[in-house]
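Please look over the sequence and the fold shown here before reading on.

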Amino acid sequence: MLSPITAAAQDDADEPVQKRDYNFKSAKPLTQIESLYSAIMAATPKGVQNTLGLELIESKDSIRRMALNPTGINVAVVKKDKKGRYYLETITTDGDAEKIMSFDSKHLGIPYAAAFTPDARQLAVATEKGTYLFETKKFKPVGEAPAFTNHPDMIVFSPNQYFLAAAGDKKVEVMNFEDKTMRRTLNPGEAVTDVVFSKSSDDMAVLTADGMVEIYDTRSFNVRLMIEDLDNGIACDFNADGKYLAVVADNDKVTVVNLLKPEDRIIFDVPEATISDVLFIADANDNPVLAASTEKGISARRMKLEPYYAKLVSDEVDMKMSEWLKKMPNETMEEYQLRVNDETRAKQRRLFEDEISTSLAGNLTAMSTVSLGQYDADNEVLAVNFDNMPTIFLPMPREDLGAINSANDLTISDQQYGLLGDDTFELIYAKFTNNKTGAEYIYDNINRKPMEFMNNDNIVSIELVQQQMMEEVKLEELKEQVMQEAKKDNIISDHTQIAVNSEVIPDYDANGNKILNYNVSFQYQVDPEFSAQEDFAPGKYRAEQSGAASSMLNIVKNAFEGDFANYVKQGKRLNVKISGTADSSPIRSTIAYDGAYGDIENEPIYQDNKMSAITVTQKDGIKSNEQLAFLRAYGVKEFLDSNVAGLKDMDTRYTYNIGVAEGKGSEFRRITVEFTFVDAF
């Protein structure tokens, strides 16, 4: 597997990060790099290398393009032989360089480009005859989609897997990968050198050889931003939150553009090098690192970038509002409807926005050089200037001016801050006190026009929120009924608590239409001193071996076969996120795996929010806590498929999240499950 980057922090963003992990086996020119979270893989004209110094592919034929499986277990390579014929191979990344598949170009056509789906379950290969899909364990064909007409040099998936974009022949074609139809054709008019999606999938950047970047809104695929003067425009990549775009502007220059304020640019040179590609990655501490491929290896720099404050505020507000909208304990529905309505919700949201913005801003007035500007006698306001925020106009009677000689005569307190469209802060409220006279002046702009992100045109209607609350009340009643039966049968006791939550979440589908998803989650907690009896015992993983887990899953079954059955519809999309955890007690000898779920090989999982793959077989047994955590999660899928009517008829997509706690003990062995019914209403 690929090794993580562990570079130490740099004081200067332009200082290269010198670490062994960036040094590849040879100084062959690097034409393309791909990242697996904090690791890098590089393609040369004649090979593919990883950061362990392993040459995975060394070929006499030239490599046109590579695609790295998100789990890191294999790589697909489009190659070109001496006669100009294209062909495709997939190779493992563990150093054995085992060839997994040779593409049947005779029947399927010339492979122009390949890409793995973000969930790591399929490989897409674009040819002149079609776009062919293969599962990624044995690379057996599983489907196909229409051919791109532009003989693509590259294809790339959006992280949400809604779109597959293909670039070639001065054209970008975007496929709706959900229904395998063409969504949009873009004609930049110049040779397209790179296409990348933001990590949120909200934006798509198209870079052309004339140094132009066009940023498209993926809901409409209309241009929302154009950036010029990027020289030759060789390659680009979004940073993690989508606020910045790094562009290889020339062979020896990288430009990092603030997309909210495009005139703000960080430009640095990579001297005596030829840059071919660039990627934003993360170090071991999740700090942003910019990696550029050159013929001498990887030049990497720690980047000091401002956070995307608007997104931070929006995400935090959504989380707080989700809690505020819930029905409180002992609150009647009549009381709830009086407390939660359109007016009170808008007011509360605005309060949260200002509170969070103020917290993020810190004490900006104390860090500013403050000066006094002109006095508007007609409106009786005094201009107060800051060197880190816009000027404000402080209401002040004309007769009070004589007692103020400079900004030093004023003390500022009770500050509140808001955000502007370029993601910078402004002062929206403060108390100014004259140090000499004690007179107080209030600047109050709290009722300013709110930001677009704060308006949030995707607010769920109050009627639907109230409907959801009533359903959650039913879910609570069902939970209590199941738990009482489990206690009566001595499966659990009062020391096990099960929580159920529901939420309506606004979203967009792959055609840009507004939809509403319904999220229902289940989790439990067992008092530590009783967890060994009521939850998983050491080395156990089947759901029925945990009284708490089996009780929780019985609530799921009764809910989805009862009051919530109207959401279980044949063919509708259902995302199921299952989390399984283990404690850190060492496994000193192999635990037998009884094969209850069959042999599981290279199953995509998430651990610490990073994708990888895991294998559990009856022959090799269980040797790690990660395998135990995974089996606990996988057992939930088996229970749902076998016991909950209708789920197998839905378009159900499972995601496994595993974790190994730092602590030891049975209280760290548990499962949770979250269901998202897509476009539920």
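Are α6 and α8 oblique to each other or roughly parallel, and why? The model is a predicted one, in which local features need pLDDT of at least 70, side-chain atom pairs count only at pLDDT 80 or more, and totals for chains, interfaces and linings use all residues. Residues are numbered from 1 along each chain as its sequence is written, and side-chain values use heavy atoms, with hydrogens and water left out.

The axes of helix α6 (residues 462–488) and helix α8 (residues 547–560) come within 9 Å and cross at roughly 135°; axes here are lines fitted to C-alpha atoms, for helices over the stretch in contact, and angles run from 0 to 180 degrees between N-to-C directions. The two helices are therefore oblique to each other, since angles under 35 degrees count as roughly parallel, over 145 as roughly antiparallel, 65 to 115 as roughly perpendicular and the rest as oblique. On the α6 side the contact (heavy atoms within 4.5 Å) is made by Leu475, Leu478, Lys479, Val482 and Ala486, and on the α8 side by Ser551, Asn554, Ile555, Asn558 and Ala559.

A second pair is formed by α2 and helix α4 (residues 342–361), which pack at an angle of about 135° with their axes 9 Å apart, and α2 and α4 are therefore oblique to each other. Among the residues making this contact are Tyr309, Val313, Val317, Met321 and Trp324 of α2, together with Phe352, Ile356 and Leu360 of α4. Tyr309, Val313, Val317, Met321 and Trp324 are also among the buried residues of α2, where buried means under 20% relative accessible area, exposed over 50%, and partly exposed in between (1.4 Å probe, protein chains only).

Arg184 lies in strand β16 (residues 181–186) and, because its relative accessibility is 31%, counts as partly exposed. Its side chain reaches the backbone oxygen of Phe221 at 2.9 Å, while Arg184 and Asn222, 38 residues apart in sequence, are 9.8 Å apart in space, C-alpha to C-alpha.

Terms used. Helix = DSSP H or I, 4+ residues; strand = E, 2+ residues; numbered from the N terminus. Polar contact = N/O pair within 3.5 Å; in protein donor to acceptor, adjacent residues only side chain to side chain.
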